[in-house]
Amino acid sequence: MNRKIGPNQSQRFTKPPEDSEQLNPEPLKLFKNKEIREQVLLGLHQKSVLSANDFSAEQITELVKFAASLESLEISKAHPLDGKIAITAFFEASTRTRCSFESAVLRLDGKIISIPEGSTTGVKKGESLEDVGEMFNAYGDLVIMRHTATDAIARIRQGLRLPIINAGNGTGEHPTQALADWYALIKWRPALIDPDAALSLKLGILGTPGSMRAVKSFLLMALKFRDKIDSVTFISEMADPLGDEIKEAIRSAGIDYTVSNDMGKHLPELDVIYMNSIVCVGENYTAMDSSYKLNKDSPLKEGAVILHPLARLDELDRSLDDSPHNLYFSQAHGAVFIRQALLICILGRLNTMPREVPLVP
Ligand code: CP
């Protein structure tokens with residue numbers, strides 16, 4: 001095995017905004033306890049990922065530390081995914097999720113069967129997703145699927161015996177987006193995973209978790225960091241942006257929450273603002289909560305950060321891109337490494353890691 005480490009992978013493409021060292025820190029320097037507990041990550045071997053709730057707080061913590069290693073070190077020469085094939089089956093448009101998963105696999109020397117447009121499969125001729133799943137069993141080692149229909153993952157799993165990663169299902173969930181969100185946030189505030197550090201973040205959500213899958217998965221993962229979160233404020237045009245299931249999850253976590261349509265009142269108090277506007281409605285898209293717009297003149301708290309899963313419309317003005325509030329580019333770029341970490345675990349290749357990756361049994 002080649003143990004040489006070279007320039008880190010992220011140097012190739014990450015262009016941090018000006019004055020944003022805090023937002024684009026050197027990942028490996030972040031954590032007091034850098035050792036990655038291999039035993040926790042071994043629990044992900046051959047697992048499917050359908051919901052943010054499929055991860056324990058422990059697994060998220062170890063995945064984040066592992067991703068920080070992958071972002072800091074050059075490990076592609078260890079060929080971690082050599083001989084593995086990932087099938088990316090996208091029945092709905094994507095820029096970041098498909099390309100970052102494919103980049104993650106290719107940079108680790110795995111191979112891809114890429115279906116960027118579901119209508120190129122037999123589904124166009126009436127084939128069922130159950131039958132497509134049965135075929136995929138013979139072609140690859142893992143399926144990464146996005147679909148406009150919320151029940152599509154359940155349907156393909158009736159025929160599929162490979163692990164599957166939900167890359168966004170209708171109005172359901174987008175669990176690996178939540179991993180990317182929390183990877184960016186934990187790099188910004190490593191105290192989130194330090195049991196000895198005090199932290200009390202005020203989260204704000206501009207959007208509708210009941211209809212926006214990325215927002216829902218972000219929120220479900222937030223509940224796993226309940227000890228570090230003071231409160232969550234939902235700012236939405238909807239009278240009930242949460243729905244009963246999400247309300248019950250927040251109540252069970254014991255986190256204070258407020259629902260409001262008054263952005264101006266709450267914005268100056270928030271440490272983290274998660275925003276989104278595009279939602280799927282069947283085969284089409286629409287914008288929701290789009291009256292809530294942020295730009296460089298918005299009354300943001302000093303030090304506050306903005307997350308957005310992207311794509312954006314006009315709710316997130318480009319004037320913020322060069323500001324210290326921009327955590328959304330770190331969120332998008334870091335997705336490659338957190339997805340690499342997850343793929344290595346699911347595909348059982350932790351044993352290929354060079355010794356510079358601080359795994360402990
Ligand atoms: N964040 C996200 O899901 O982006 P894409 O729709 O481009 O994949």
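This is a predicted model: local features need pLDDT of at least 70, side-chain atom pairs count only at pLDDT 80 or more; totals for chains, interfaces and linings use all residues.
- For background, most peptide bonds are trans, and most residues other than glycine have a negative phi.
- L310 isn't a glycine, yet its phi is positive, at about 60°.
- You'll find D109 in the loop between helix 3 (96-107) and strand 3 (111-115).
- D109 has 16 C-beta neighbours inside 10 Å, so it is partly exposed too.

**Helix 6 against helix 10**

- Helix 6 (residues 175-188) packs on helix 10 (residues 328-346) at an angle of about 115°, and the axes are 8 Å apart.
- That angle is why helix 6 counts as roughly perpendicular to helix 10.
- The crossing of helix 6 past helix 10 is right-handed.
- On the helix 6 side, the contact uses T176, L179, A180, D181, Y183, A184 and K187; helix 10 brings S330, Q331, G334, A335, I338, R339 and L342.
- Sorted by class, this contact has seven nonpolar, four polar and three charged residues.

**Helix 6 against helix 2**

- Helix 2 (residues 57-72) also packs with helix 6, at an angle of about 70° and with the axes 10 Å apart.
- So helix 2 is roughly perpendicular to helix 6.
- I60, L63, V64 and A67 of helix 2 meet L179, W182, Y183 and I186 of helix 6.
- This contact has eight nonpolar residues, with no polar and no charged ones.
- L179 and Y183 turn up in the helix 2 contact and in the helix 10 contact.

- Five strands make an open sheet in the order 8-7-6-9-12, with parallel pairing.
- Strand 8 (256-260) and strand 12 (305-307) are the edges, each pairing on one side only.
- From one strand to the next, the twist averages 20°.
- Strand 6 (residues 201-206) and strand 7 (residues 229-235) run parallel and are joined by six bridges.
- To place yourself in that pair, look at G204, whose bridge partner in strand 7 is T233.

Technical notes
Residues are numbered from 1 along each chain as its sequence is written. Axes are lines fitted to C-alpha atoms, for helices over the stretch in contact, and angles run from 0 to 180 degrees between N-to-C directions. Helices (H or I, at least four residues) and strands (E, at least two) are DSSP runs, numbered from the N terminus. Angles under 35 degrees count as roughly parallel, over 145 as roughly antiparallel, 65 to 115 as roughly perpendicular and the rest as oblique. A crossing is left-handed if the near helix is turned anticlockwise from the far one by less than a right angle, and right-handed if clockwise. Two residues are in contact if their C-beta atoms, placed from the backbone, lie within 7 Å. Ala, Val, Leu, Ile, Met, Phe, Trp, Tyr, Cys and Pro count as nonpolar, Asp, Glu, Lys and Arg as charged, and the others, Gly among them, as polar. Two strands pair if DSSP finds at least two bridges between them. A residue is buried if 20 or more other C-beta atoms lie within 10 Å of its own, exposed if 12 or fewer, and partly exposed in between; C-beta atoms are placed from the backbone.
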